[in-house]
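Visitor: I would like a close look at a single part of this protein. Please keep it brisk and spell out the cut-offs.

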Amino acid sequence: MTSITSTLLGLIMAMPMAPIALPVQGSEAAPVAYSVSSTDWEIEPGDKVLVDTDSNTGYMFHEDGRYLEFEVVTGQRRFVSYIGRYYNAATPTWNWVAKTMHIKGDRLTFGPSGRFLRLYKDGEEHTAYGFHEYGQEEEIFTGMNTRFRSMGCIIVRTVIMDLIVSTWEQNDGYLPTKTIHGIDNLTDAMVAFGGSKEVAQNL
């Protein structure tokens, strides 16, 4: 028995083995989309937000591709008259940066906290768009069988607004955001967003 065991062990040791790949410190791997539950999610530096205005789905994602998915309400697909403007209320497709927080008095439009996190086009141009809650949250998310109901802004549930605001605060008041109409491959969308020209951070 000992002789057979020794022979087998010798054969195993003589077989060529593939090298074990170890991560290289300092290397920058492309992100790979990987869903994380809300209970496991932790805010990290460099977090970004992708919003698909076709499916009305939002993704908060880390630089390595781990993401938290959440539902959103985006702009009505029609022309509206609102705050002295007549415009197409569909949420625009663009690169943005959430940079300033405002507290609004209208608690129906902006929810119980009144928080409005303003989006700046290309990180520079002040706009009327932003993230906010809604006073009748369940109705706007589930009523009328559509989530194309805002005046152009991105409406989120209160728990998601809490997360977005905390992420913005922990990233020095700077949260890159991209709105896109239709995402075929989430990993590709993350790579394209992460590889796009960085907008200037005004400190």
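Which helices and strands each supply at least two residues of the lining of the largest pocket?

Guide: First, the ground rules. This is a predicted model, where local features need pLDDT of at least 70, side-chain atom pairs count only at pLDDT 80 or more, and totals for chains, interfaces and linings use all residues. Residues are numbered from 1 along each chain as its sequence is written, and side-chain values use heavy atoms, without hydrogens or water.

Now the lining. β7 (85-88), β9, β10, α2 (137-142) and β11 (148-150) each supply at least two residues. Helices (H or I, at least four residues) and strands (E, at least two) are DSSP runs, numbered from the N terminus. The largest share, three residues, comes from β10.

The largest pocket has a volume of about 420 Å³. On a 1 Å grid over the protein atoms alone, a pocket is an open set of points where a 1.4 Å probe fits, with protein on both sides within 12 Å along at least five of seven lines; lining residues have an atom within 4 Å of a point. Points are joined across faces, edges and corners, and the volume is the space filled by probe spheres set on them.

Of the 22 lining residues, Tyr-82, Thr-109, Phe-110, His-132 and Met-151 are the closest to the pocket centre. The lining divides into 13 nonpolar, four polar and five charged residues. Here Ala, Val, Leu, Ile, Met, Phe, Trp, Tyr, Cys and Pro count as nonpolar, Asp, Glu, Lys and Arg as charged, and the others, Gly among them, as polar.

Back to β10 (residues 125-132). Two bridges join β10 to β12, and the two run parallel. Strands pair if DSSP finds at least two bridges between them. Phe-131 has Ile-154 of β12 as its bridge partner.
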